[in-house]
Amino acid sequence: MSGIPGGPYAGPQPGPVPGQPGPVPGPGAGGNDGRRLGILAIVVVAAVALSFGLAKATGADARGNASAAAPGIGGPGAIDGGDLGEIPGLEDQDFDGSGGGSTEGLGDIGGSPTPTPTPTPTPTPTPTDPTLELYQQVSAGDCLNNWMISETEWVSDTPDPVSCDDDGAGVWVSDTADSVGACPVDAGRSYLSYSSGAETVALCVTRQFEVGQCFLGMADGSANLMSWVDCEGGVVPPYSQLYNVTGVYSAPATVTDGACRQSANDQNTYWWWTADAESVLVCTVVYTG
């Protein structure tokens with residue numbers, strides 16, 4: 001083996017020992033050029049790192065999509081995607097705009113609309129019946145400015161309460177019920193009633209007799225004791241005469257022919273009835289004008 005021209009052959013040289021400093025170039029041995037190259041390399045690396053950081057900070061991805069950077073995402077101190085699982089509530093979140101991932105733990109983030117409350121419907125008021133209300137306001141013991149003026153008609157279809165001392169108190173209310181069957185119907189007793197829908201109000205009434213009144217009757221002595229008419233007004237069919245009240249008494253156990261006579265010499269012909277469950281004696285004469 002021959003040596004290299006220009007110098008003695010020194011043989012294989014050992015390379016740098018790992019962890020030991022290499023030889024330092026001296027002046028004129030290219031030291032300045034090496035330093036400049038090193039600085040240039042650092043600048044290039046810094047530029048690349050800065051570009052990468054800016055790309056992350058602006059949210060750019062491989063598809064060219066861009067979105068505003070979330071606080072703490074990208075840039076200096078950026079949170080690496082692999083570390084998101086360590087942040088409570090963000091484990092499964094998606095920040096690349098793909099729409100995937102869970103939203104659990106984010107509360108109202110995402111702009112979910114507030115549901116519009118359903119309005120409460122206003123209940124429809126139950127229609128009132130003024131006539132029914134008038135009947136419902138009457139109580140047992142009241143007196144009414146009501147009486148019959150024909151075989152089937154009353155002077156008013158609605159109850160007209162008055163004082164029981166009033167001259168117009170034609171009947172008094174003995175009871176109120178929800179069925180006309182609850183009211184007794186006989187001499188001097190009957191009822192006024194009104195129905196609205198499924199509701200019925202029956203007023204059980206008893207005739208109030210006073211001396212001087214006239215009521216409708218027949219020549220055979222039958223009469224409508226619930227009636228009250230003007231003595232000068234004449235009769236109405238099917239009635240043929242009027243009976244004029246001459247006296248009202250508590251009915252004795254036995255009524256005799258002379259029970260209605262007002263004196264021993266009284267020669268009038270009397271017609272009488274026991275009314276209100278035979279507790280009242282009503283004495284009359286036929287009205288002749």
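Guide: We can go through the fold, the cores and the charges.

Guide: This is a predicted model: local features need pLDDT of at least 70, side-chain atom pairs count only at pLDDT 80 or more, and totals for chains, interfaces and linings use all residues. Residues are numbered from 1 along each chain as its sequence is written, and side-chain values use heavy atoms, with hydrogens and water left out.

Visitor: How many helices and strands in the protein chain?
Guide: Two helices and nine strands. The pattern along the sequence is α-α-β-β-β-β-β-β-β-β-β. Helices (H or I, at least four residues) and strands (E, at least two) are DSSP runs, numbered from the N terminus.

Visitor: What share of the residues is buried?
Guide: Of the 289 residues in the protein chain, 23% are buried. Buried means under 20% relative accessible area, exposed over 50%, partly exposed in between (1.4 Å probe, protein chains only).

Visitor: Which residues have the most contacts inside the largest nonpolar core?
Guide: Leu 144, Trp 154, Leu 192, Leu 203, Val 205 and Met 226. That core has 13 residues. β5 (199–207) is among the elements that supply at least two residues each, along with α2 (130–136) and β3. β5 gives the most, with three residues. A nonpolar core is a set of buried Ala, Val, Leu, Ile, Met, Phe, Trp, Tyr and Cys residues joined through side-chain atoms within 4.5 Å.

Visitor: And what lies apart from it?
Guide: Another core, of eight residues, including Phe 209 and Phe 215.

Visitor: Where is Gly 217?
Guide: In strand β6, residues 214–217. Gly 217 is buried, because its relative accessibility is 0%. Gly 217 and Tyr 239 are 22 residues apart in sequence, yet 5.4 Å apart in space, C-alpha to C-alpha.

Visitor: On to charges. What does Arg 189 form a salt bridge with?
Guide: Asp 186, with the closest N and O atoms 2.6 Å apart. The rule is a side-chain nitrogen of Lys or Arg within 4 Å of a carboxyl oxygen of Asp or Glu. The count by this rule is one.

Visitor: Is Arg 189 buried or exposed?
Guide: Buried, because its relative accessibility is 17%. Asp 186 is partly exposed, at 36%.

Visitor: Which residues form the negative surface patch?
Guide: Asp 165, Asp 166, Asp 167 and Glu 210. Patch residues have over 30% relative accessible area and no salt bridge; like charges are joined within 9 Å, nonpolar side chains (Val, Leu, Ile, Met, Phe, Trp, Tyr) within 5 Å.

Visitor: Where does Asp 167 lie?
Guide: In the loop between β2 (161–162) and β3 (171–177). Asp 167 is exposed, with a relative accessible area of 72%.

Notes:
Areas by Shrake-Rupley, 256 points an atom, 1.4 Å probe, with all protein chains shown as cover. Lys, Arg positive; Asp, Glu negative; His and termini not counted. Charge placed at Lys NZ, Arg CZ, Asp CG, Glu CD.
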